Amino acid sequence: MSELDRCYQLLGLEPGASIDEVNQAYKDLVFIWHPDRLPKDNPRLQQKAHAKLQELNHARDQLRSQQSKKPPRSTPASPPQSPPRYQSPYEAYQRRYQSPPRYQSPYQSYQQAQQARYQKPREEPPRSSPPKNNGSSYTNYSQQASSYSDSQRYQQPPQPPPQQPPRQPPPPQQEAPQRPRQPVNPDLTGADLRNANLQEKDLSGRNLSQANLSGADLSDAFLHKINLSRANLSKAKLFRANLLQADLRHADLKQANLVGADLSGADLTGADLSGAKIGAGDRIMVKLTGAILTGAIMPDGSIHD
């Protein structure tokens with residue numbers, strides 16, 4: 001596994017995640033692993049939290065630097081231009097005054113020919129000798145004049161060449177559909193995790209409703225905002241587990257070890273805690289600040305109002 005893939009996995013992200021996703025994942029994990037949220041009298045856990053923060057800082061810095069090292073789009077370099085060739089004064093004179101005629105399209109040549117044709121002086125018919133007194137010569141002259149005027153009258157003007165239709169732009173290319181990104185945290189509803197070793201695992205935000213975790217070892221695990229509604233946690237080890245704002249409605253916690261667990265803000269409505277270990281003697285060693293215990297069965301068998 002490469003260093004970048006390890007950094008993405010440490011932050012719970014897929015490879016290729018944006019810088020905004022990296023920053024948000026970093027903030028969530030720092031909130032969970034901050035040493036101020038852990039017991040001050042546990043140096044081992046404090047040392048582990050500091051090491052975890054160093055790993056998160058390193059992962060965030062690596063991914064940020066990898067995002068900033070992406071090369072910008074470069075424009076294609078123009079080919080080097082050769083310096084102009086030296087021309088002698090005689091070559092410059094020939095190039096200026098004896099240059100070949102400018103290229104003309106067929107339509108321009110046709111227009112110039114028609115303009116020259118109509119600008120040409122009109123030729124008059126040749127004068128004939130004065131008509132004689134006989135009527136035959138006068139009649140022939142009248143027929144020639146009428147035929148000449150008719151030919152000039154009915155001559156059609158030149159037609160311009162047909163125009164070509166405009167070129168149609170090529171159809172846009174269709175992009176290949178992108179494959180949907182797989183979810184980072186899969187749904188584990190109803191999963192069978194009996195007697196599983198989940199020590200120090202990070203299961204924050206997972207959906208484990210109706211899962212079977214009886215006898216599972218969840219010591220020092222991070223279960224922030226986890227969904228464990230109607231889950232079976234009987235005889236499970238939740239020693240010093242972080243269950244901040246967890247959903248434990250109607251969960252089975254009979255004979256579970258909850259010593260040192262943090263259940264601040266957790267919802268324990270209708271949960272069964274009968275026989276659960278929550279302290280030593282009369283000292284309660286479970287943090288229940290802001291927890292909801294409506295209808296919960298307490299370890300002594302009483303039902304909380």
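How many residues line the second largest pocket, and which of them lie nearest its centre?

A: Happy to! Please keep in mind throughout that this is a predicted model.

The lining of the second largest pocket is made up of 22 residues. Nearest to the centre of that pocket lie Pro 39, Asp 41, Arg 240, Gly 260 and Ala 261. The space inside the second largest pocket comes to about 480 Å³. Sorted by class, its lining holds 12 nonpolar residues, 3 polar ones and 7 charged ones. Asp 41 and Arg 240, two of the residues nearest the centre, belong to the charged class.

The structure has 1 cavity of 30 Å³ or more, and the largest cavity contains about 80 Å³ of space. Its lining splits into 11 nonpolar residues, with no polar and no charged ones. Among the residues lining the largest cavity are Leu 258, Leu 263, Ile 278, Val 286, Met 298 and Pro 299.

Now for the chain around these spaces. The protein chain has 6 helices and 2 strands, and in sequence order they run α-α-α-α-α-α-β-β. Of its 305 residues, 27% count as buried. Among contacts with a separation of 6 or more, 29% join residues 24 or more positions apart.

As a reminder, an α-helix has 3.6 residues a turn, so residues three or four places apart point the same way.

Within α3, Leu 53 makes a handy case study. Leu 53 counts as buried because its relative accessibility is 14%, under the 20% cut-off. Leaving aside residues up to four places away in sequence, Leu 53 touches Val 30, Trp 33 and Pro 35. Pro 35 is 18 residues from Leu 53 along the chain, and their C-alpha atoms are separated by 9.0 Å.

Two backbone details may also interest you. Asn 195 is not a glycine, yet it has a positive phi of about 60°. Asp 220 is not a glycine either, and its positive phi is about 55°. Asn 195 sits in the loop between α6 and β1 (279–280), and Asp 220 is placed in the loop between α6 and β1 too.

Finally, a word on confidence. The mean pLDDT of the protein chain is 77, and 70% of its residues reach 70 or more. Among the elements, strand β2 (residues 283–284) has the highest mean, 86, while helix α6 (residues 135–153) has the lowest, 51. Where pLDDT is low, the predicted coordinates should not be read in detail.

Technical notes:
Residues are numbered from 1 along each chain as its sequence is written. This is a predicted model: local features need pLDDT of at least 70, side-chain atom pairs count only at pLDDT 80 or more; totals for chains, interfaces and linings use all residues. Side-chain values use heavy atoms; hydrogens and water are left out. On a 1 Å grid over the protein atoms alone, a cavity is a set of points where a 1.4 Å probe fits but cannot get out, and a pocket is an open set with protein on both sides within 12 Å along at least five of seven lines; lining residues have an atom within 4 Å of a point. Grid points are joined across faces, edges and corners, and a volume is the space filled by probe spheres set on the points. pLDDT is the predictor's confidence in each residue, from 0 to 100. Helices (H or I, at least four residues) and strands (E, at least two) are DSSP runs, numbered from the N terminus. Buried means under 20% relative accessible area, exposed over 50%, partly exposed in between (1.4 Å probe, protein chains only). Contact means heavy atoms within 4.5 Å.
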